[in-house]
Amino acid sequence: MSPKPGNESATLTPLAGRSRRWYSLRLEYDSSRTRSPWWTPILSVVLALLLCAVFIAANGMSPLVVYEKMFRGAFGTSYGFTETMVKAIPLLLCGLGIAVAYRISVWNIGAEGQLTVGAMAATAVTIYFPDLSSFWSITLMLVFGTAAGALWGLMTAVPRTHFGVNELITSLMLNYVALLALDYVVFGPWKDPKGFNFPGSPMFTAAQSLPVLGSTRLHIGLVFGLVAVLVYYLMIRFTRWGYELRLIGANPTAARYAGIHIKKHIIIVMLISGGLAGIAGMAEVSGVTHKLMQGISPGYGYTAIIVAWLAKLNPLGLIVTSILFGGLIVGGYSVQTIGLPSSISEMLQGAILFFLIAGDMIHRFRIRRSA
């Protein structure tokens, strides 16, 4: 029997209590979630190891054997550990410089060029002032290397602040300018006449070389890095300048309304960032190679980007990640004895960066439920 007109509501009332509410899921991007969880870097390393294990197994080798070989080569002996620390020094200094710039979202990827010009400026002291005492040689090399790296960083900061040029482009292009300048001096005016036509400067004297620990190659450049990290921590945590950097990084608009001169801070952090990379270059030529030569850096400036990002700009994290990546480099050399190329360390670095970026991006998405 059909209901009478006007009584539809009375007919539907008994079913209202049993009605179901259906929900749909949607994916939303939340730009305010800029800080990923603390465990993201750890998970990135684990996933990178698992991914690279697939390629190692496809090459017919056991991933466990390869990873054990890398670990023993980097940390299993006193020689391996000191070599790891030698590699960690430029990574720590360059990574710290990059972290300072990242604090206010300035993307400095020019540490490779800044390291190179720092090494060139330090070498200039040995060529034009060869008879200085050890104290004055090391002091001037440190000053010249820091100043050259800072100047190279300034060449990125000024176009950004005054002309709005993206610092990614300028810092990257300046890397190639620095490498070409290095080729010019080692093949030209600074070429060692006694070097059997090898492109490089004359060997440094004992007065021009950094002191080392015992019979190892571990030099006091490590002290430079640790002191720089300590100063960075104190400045960021306990000074007004550090507070302003943290405010700019968190909310540039609020910092601008608070009267903070953002352009001035960009110039300052790029001077510091370039100067630290310049110190790394000085330490590399004076403490490791003892001469300026082609390919003075095997990519420390680029690897330091991953070091800073993996550490989440944390001072203690920078020390840990620089040692980790120093171990990857040394461990890559050790697996050559079992038939694998040393480039496996570069594969691991790339995989870590991939998962790190992926983790940061995924963290910004939220799954929401709507009726």
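These legends accompany close-up views of a predicted model.

Residues are numbered from 1 along each chain as its sequence is written, and side-chain values use heavy atoms, with hydrogens and water left out. Because the model is predicted, local features need pLDDT of at least 70 and side-chain atom pairs count only at pLDDT 80 or more, while totals for chains, interfaces and linings use all residues.

View 1. pLDDT is the predictor's confidence in each residue, from 0 to 100. The protein averages 89. A score of at least 70 is reached by 91% of the residues. Helices are DSSP runs (H or I, at least four residues), numbered from the N terminus. Over residues 6-17, pLDDT stays under 50. For that stretch the model has one contact beyond four places in sequence. Contact means heavy atoms within 4.5 Å.

**View 2. The second largest pocket and its lining of 15 residues.** A pocket is defined on a 1 Å grid over the protein atoms alone: it is an open set of points where a 1.4 Å probe fits, with protein on both sides within 12 Å along at least five of seven lines. Lining residues have an atom within 4 Å of a point. The volume is about 300 Å³. Here a volume is the space filled by probe spheres set on the points, and grid points are joined across faces, edges and corners. L96, A228, V231, I272 and L276 lie nearest the centre of the pocket. Three helices each supply at least two lining residues: α4 (78-102), α8 (221-238) and α11 (262-289). Helix α8 gives the most, with six residues. By class, the lining has 13 nonpolar, two polar and no charged residues. Nonpolar covers Ala, Val, Leu, Ile, Met, Phe, Trp, Tyr, Cys and Pro; charged covers Asp, Glu, Lys and Arg; the others, Gly among them, are polar.

**View 3. L245 in helix α9.** This helix spans residues 240-250. L245 counts as buried because its relative accessibility is 0%. Buried means under 20% relative accessible area, exposed over 50%, and partly exposed in between (1.4 Å probe, protein chains only). Leaving aside neighbours within four places in sequence, L245 is in contact with R103, I104, I236, H265 and V269. R368 is 123 residues from L245 along the chain, and their C-alpha atoms are separated by 34 Å.

**View 4. M141 in helix α6, with T253 in helix α10 for reference.** Helix α6 covers residues 134-163. M141 is buried, with a relative accessible area of 0%. Beyond its neighbours within four places in sequence, M141 is in contact with A122, V125, T126, F204, Q208, M282 and S286. M120 is 21 residues from M141 along the chain, with 9.7 Å between the C-alpha atoms. T253 sits in a helix of residues 252-257. T253 counts as partly exposed, at 43% relative accessibility. T253 and M141 are 112 residues apart in sequence and 41 Å apart in space, C-alpha to C-alpha.

**View 5. Two of the six aromatic pairs found in the whole structure.** The ring centres of Y128 and W190 are 6.3 Å apart and the planes meet at 70 degrees, so this pair is edge-to-face. The pair links distant parts of the chain, 62 residues apart: Y128 is in helix α5, and W190 is in the loop between α7 (167-187) and α8. Y128 counts as exposed, at 54% relative accessibility. W190 is buried, at 10%. The rings of Y233 and F238 have centres 6.0 Å apart and planes at 85 degrees, so they too are edge-to-face. Y233 is partly exposed at 35%, and F238 is exposed at 60%. Rings of Phe, Tyr and Trp (its six-membered ring) pair if their centres lie within 6.5 Å; planes under 30 degrees apart count as stacked, over 60 as edge-to-face and the rest as tilted.

**View 6. H290 and K312, with positive phi values.** Most residues other than glycine have a negative phi. H290 has phi near 60 degrees. H290 lies in the loop between α11 and α12 (300-310). It is partly exposed, with a relative accessible area of 22%. K312 has a phi of about 55 degrees. K312 is in the loop between α12 and α13 (315-334). K312 is partly exposed, at 26%.
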